[in-house]
Amino acid sequence: MAYFGQNAISISAYRDQKFKGTRSEQERLLSQSNTLYVGNLSFYTTEEQIHELFSRAGDVKRIIMGLDRNKKTPCGFCFVEYYTRADAENCMRYINGTRLDDRLIRTDWDAGFIEGRQYGRGKSGGQVRDEYRKEFDPGRQ
């Protein structure tokens, strides 16, 4: 894990494989970003629920819901953009790993939202990881 600054929250080893740019550009953007990827959401979680939880860490600039590419319905992830890096760091500290709609959500730094990334990249239009699940998960069906 990389750390940026004394009090900064660590950046995971995961990298968006479809990032358009060099690895060093991606690292720089991640270290300065105010945007978080939020995963493991229920398909039924609303934008209002996300805003209510995430605004506890700071002022939310916008929420971009992840959508199934084909059906245009929520597919279990979103992007949350804060006005400041400090608020995004508070979110990583205090909200990552908490429960929302009976699901443990995970947050990770994102290099910044670009139009088109709100759509699932799986073969069926949703998330890739859902295509490999073997157990039935009522929050994700």
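The following is a dialogue on how terms are applied to one predicted model.

Biologist: What is the confidence of the chain, and where is it lowest and highest among the helices named H1 and H2?

Modeller: pLDDT is the predictor's confidence in each residue, from 0 to 100. The chain has a mean of 82, and 75% of its residues reach 70 or more. Confidence is lowest in helix H1 (residues 23-32), at a mean of 84, and highest in helix H2 (residues 47-54), at 97. Over residues 1-7 the pLDDT is below 50, and this stretch has 13 contacts in the model beyond near neighbours in sequence. Where pLDDT is low, the predicted coordinates should not be read in detail.

Biologist: What counts as a helix or a strand, and how many of each does the chain have?

Modeller: Both are DSSP runs numbered from the N terminus: helices are H or I with at least four residues, strands are E with at least two. On that basis the chain has three helices and six strands, in the pattern α-β-α-β-β-α-β-β-β along the sequence.

Biologist: Why is cysteine 75 called buried?

Modeller: Buried means under 20% relative accessible area, exposed over 50%, and partly exposed in between, with a 1.4 Å probe and protein chains only. Cysteine 75 has a relative accessible area of 2%, so cysteine 75 is buried. Cysteine 78, at 0%, therefore counts as buried too. By this criterion 48% of the 141 residues of the chain are buried, and strand E3 (residues 74-82) has eight of its nine residues buried.

Biologist: What makes E1 and E3 a pair of strands?

Modeller: Two strands pair if DSSP finds at least two bridges between them. Strand E1 (residues 35-39) and E3 have five bridges, in the antiparallel sense, with valine 38 opposite cysteine 78. Strand E2 (residues 60-67) and E3 have six bridges, also antiparallel. There, arginine 62 stands opposite glutamate 81, and methionine 65 has cysteine 78 as its bridge partner. E2 and E3 form a hairpin with six residues between them, and lysine 72 in the turn has a positive phi of about 60°.

Biologist: Which strands are the edges of the four-stranded sheet?

Modeller: The open sheet has the order E2-E3-E1-E6 with antiparallel pairing. E2 and E6 each pair on one side only, and these are the edge strands. The twist averages 25° from one strand to the next.

Biologist: Why is threonine 107 called buried, and what does threonine 107 touch?

Modeller: Threonine 107 has a relative accessible area of 6%, and therefore counts as buried. Threonine 107 is in strand E6 (residues 106-110). Contact means heavy atoms within 4.5 Å. Not counting residues up to four places away in sequence, threonine 107 touches Tyr37, Val38, Phe54, Cys91, Met92 and Asn96. For the chain, 67% of contacts between residues at least 6 apart in sequence join residues at least 24 apart.

Biologist: How does helix H3 lie relative to E6?

Modeller: Axes are lines fitted to C-alpha atoms, for helices over the stretch in contact, and angles run from 0 to 180 degrees between N-to-C directions. Helix H3 (residues 85-94) lies across E1, E3 and E6 and runs at about 150° to E6. In H3, Arg85, Asp87, Ala88, Glu89, Cys91 and Met92 are buried. Their cover includes H1, E1, H2, E3 and E6.

Biologist: Why is glutamate 89 called buried?

Modeller: Glutamate 89 is at 13% relative accessibility, so glutamate 89 counts as buried.

How values were computed: Residues numbered from 1 in each chain as written. Predicted model: local features only at pLDDT ≥ 70, side-chain atom pairs only at ≥ 80, totals over all residues. Heavy atoms only, no water.
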